[in-house]
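Reader: I would like a close look at a single part of this model. Please keep it plain and state the cut-offs.

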Amino acid sequence: PPFGLSAVAEAAACAALTDPAHTDSIVETVTAGRAHLREQLAVRGVESVPSGANFVWIPLGERASALEAACVARVSRSGCSPARECGSPSASGPQKTP
């Protein structure tokens with residue numbers, strides 16, 4: 001692929017492809033999540049581009065920098081870090097480090 005892929009990630013992808021029920025479940029989850037996100041963006045007056053991919057494109061143009069700054073600030077306040085799974089059921093607020 002045109003991006004880095006570890007041997008573990010490649011093995012996991014190959015295993016997932018041998019399980020059609022799992023693959024179908026993931027596709028359904030991503031499709032529903034994308035639709036929900038686009039609906040919620042629309043409610044807030046944010047335009048997004050229809051997509052069949054695993055992401056939602058928001059054509060912000062010059063407003064992209066302001067959104068990036070707001071997202072970084074929010075993540076910083078939430079206590080999220082690369083070592084912590086933010087948004088997971090166990091992520092119940094900032095964690096204190098020893």
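Which backbone oxygen does the side chain of R34 reach at 2.3 Å?

Author: The side chain of R34 reaches the backbone oxygen of A53 at 2.3 Å. This is a predicted model, in which local features need pLDDT of at least 70 and side-chain atom pairs count only at pLDDT 80 or more, while totals for chains, interfaces and linings use all residues. Residues are numbered from 1 along each chain as its sequence is written, and side-chain values use heavy atoms, with hydrogens and water left out.

With contact taken as heavy atoms within 4.5 Å, and residues up to four places away in sequence not counted, R34 touches S51, G52, A53, N54, F55 and V56.

R34 is buried yet has no salt bridge. Buried means under 20% relative accessible area, exposed over 50%, and partly exposed in between, with a 1.4 Å probe and protein chains only. A salt bridge needs a side-chain nitrogen of Lys or Arg within 4 Å of a carboxyl oxygen of Asp or Glu. For R34, the nearest side chain of opposite charge is E39, 10 Å away.

R34 sits in helix α2, residues 20-43. Helices here are DSSP runs (H or I, at least four residues), and strands are E runs of at least two, numbered from the N terminus. The 24 residues of α2 reach 34 Å from first C-alpha to last, close to the 34 Å expected at 1.5 Å a residue; the expected span is 1.5 Å times one less than the number of residues. Just after α2, G45 takes a positive phi of about 80 degrees.

The loop between α2 and α3 (64-78) holds S48 and P50. S48 counts as buried because its relative accessible area is 10%. The side chains of S48 and R38 are joined by a polar contact of 2.7 Å. Such a contact is a pair of N or O atoms within 3.5 Å; within protein, one must be able to donate a hydrogen and the other to accept it, and residues adjacent in sequence count only if both atoms are side-chain atoms. Beyond its neighbours within four places in sequence, S48 is in contact with R38, L41, V56, W57 and P59.

P50, by contrast, is exposed, with a relative accessible area of 62%. P50 lies 16 residues from R34 in sequence and 9.5 Å from R34 in space, C-alpha to C-alpha.

As for the chain, it has three helices and zero strands, and 7% of its 98 residues count as buried.

Terms used
Lys and Arg count as positive and Asp and Glu as negative; His and the chain ends are not counted.
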